Amino acid sequence: MGVHEEVRVTEWCMVTPSEETNRHGLWLTPIDLTWATTGHTPTVHLYRSDSGGAVDDFFDVARLKAALAKALVAFYPLAGRLGVDTDGRPQIDCAGQGVLFVVAHSVLTVDDLSSFQPSPELKRLFVPRVEDYSPSLMCGVQVNFLKCGGVALGVAMHHIAVDAIGAFHFFRTWSTFSRDGDAAATALERPCHDRTPLRARSPPVIHPDALTLFCPPKQQSPSEEPKPSPGAVANQIFILSKDQVAALKRACTSGASTFCAVSAHVWRCVCAARRLPPDATARLIFPANVRASLRPQLPDSYFGNGIIMLGVTGKVQDITSGEQLDSIACRIRGAIRRMDDEMVRSAIDYMEIAGSQSQTDAPTGSIPPATDLRVVSWKGTLVYGTDFGWGKPLVVLRAEQPRAGIAYLIDGADGSMRILLSAEPAIVNDLQRLLYANI
């Protein structure tokens, strides 16, 4: 895309819930607060018009607004604003203020965007400018009508309010109301807004093994770690076919989930492509869903941040050549299996004590060590389930990824896996070769 290919905004408004909703300050958990500095997550959902040209009712704006207003009755925190309570602790002020809704038109086509990569320009063109509003909005959407008749739906959702699991629950609800109308209400699962199960204990109790599980420390001091090159970030999409994913799982002879097998493969390839010192300690960090780990369990419909960062470490020489893929996958699986109720509650207690930087590495915009890789899985979030009545999206991706060392694993529609990998530009060619070698 070139800078001349601008998007022209033709309408904007605030869409409020269609019915009266709870008006209160929504308490935020210690896990929520660790995502305060992350800000809004920008995503783009790309839809093609089957007719191949403009259709009057394709992504009808009035229909989308009406469906959004209905969805916000249940998902009312997204219509709120970021505020603080009387003690100065952040909370969501829920008073039905509304979600930003923008309509725009672009000279671009679906084919121009079908292989698009995350970039500041993509975000600037297609994602609403929620950062212009104070106090902070929880959510904004922008419906971008393309020249070919397709639509690029841009969304910005504040991470302090909800994780990806909850976000896609909201997308499915909104899209179902658009597709099926009022009949959808009886079939939809309502979100759970009770965040009290994720309160810290009083007094806090931190299990001695907890800090080795949640973002474990590395042996070398920060001054000894290889430093990444600040500046440009290469965002590349790699696609593993269904057969290639199956081959990676077969290589894990003791049994491994798709996440463990693919994450182990990506970690090994990134360590090798970075040409890190053999005796350096590499760290893999990944968010894990704690809903089923707590006792009693949180419902799957819990609407908030129900994820905690886990981590595993290893010497680069072991990750790249000393261990079989199965052994690396077992490291990851072992960390996940250790995440029981006591470990999760220890992590929550630690976050309450340590404050907002306890699990997000560093403030937004900072550069993580060159030995770190963060893998985020959107598997199982039904990312392609947002059918507003005109078909499922062709592509769903983050609009921007400003720093290197992060990989997103996203289900493909045909059993394949899309890996959105943000890396240092100098390693991209080696990384591509390594990812596809011997699978």
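1. F75 is buried (under 20% relative accessible area, where over 50% is exposed and in between is partly exposed, with a 1.4 Å probe and protein chains only), because its relative accessible area is 0%. This is a predicted model, in which local features need pLDDT of at least 70, side-chain atom pairs count only at pLDDT 80 or more, and totals for chains, interfaces and linings use all residues. Residues are numbered from 1 along each chain as its sequence is written, and side-chain values use heavy atoms, leaving out hydrogens and water.

2. A search of the whole structure finds 16 aromatic pairs (Phe, Tyr and six-membered Trp ring centres within 6.5 Å; planes under 30 degrees apart are stacked, over 60 edge-to-face, the rest tilted). F58 and W390 make an edge-to-face pair at 6.0 Å centre to centre, with 65 degrees between the planes. They sit 332 residues apart, and both are buried.

3. F75 and F170 also pair edge-to-face, at 5.5 Å and 65 degrees. F75 lies in the loop between helix 2 and strand 4 (81–84) and F170 in helix 5 (residues 164–180), so this pair ties together parts 95 residues apart in sequence.

Methods: Helix = DSSP H or I, 4+ residues; strand = E, 2+ residues; numbered from the N terminus.
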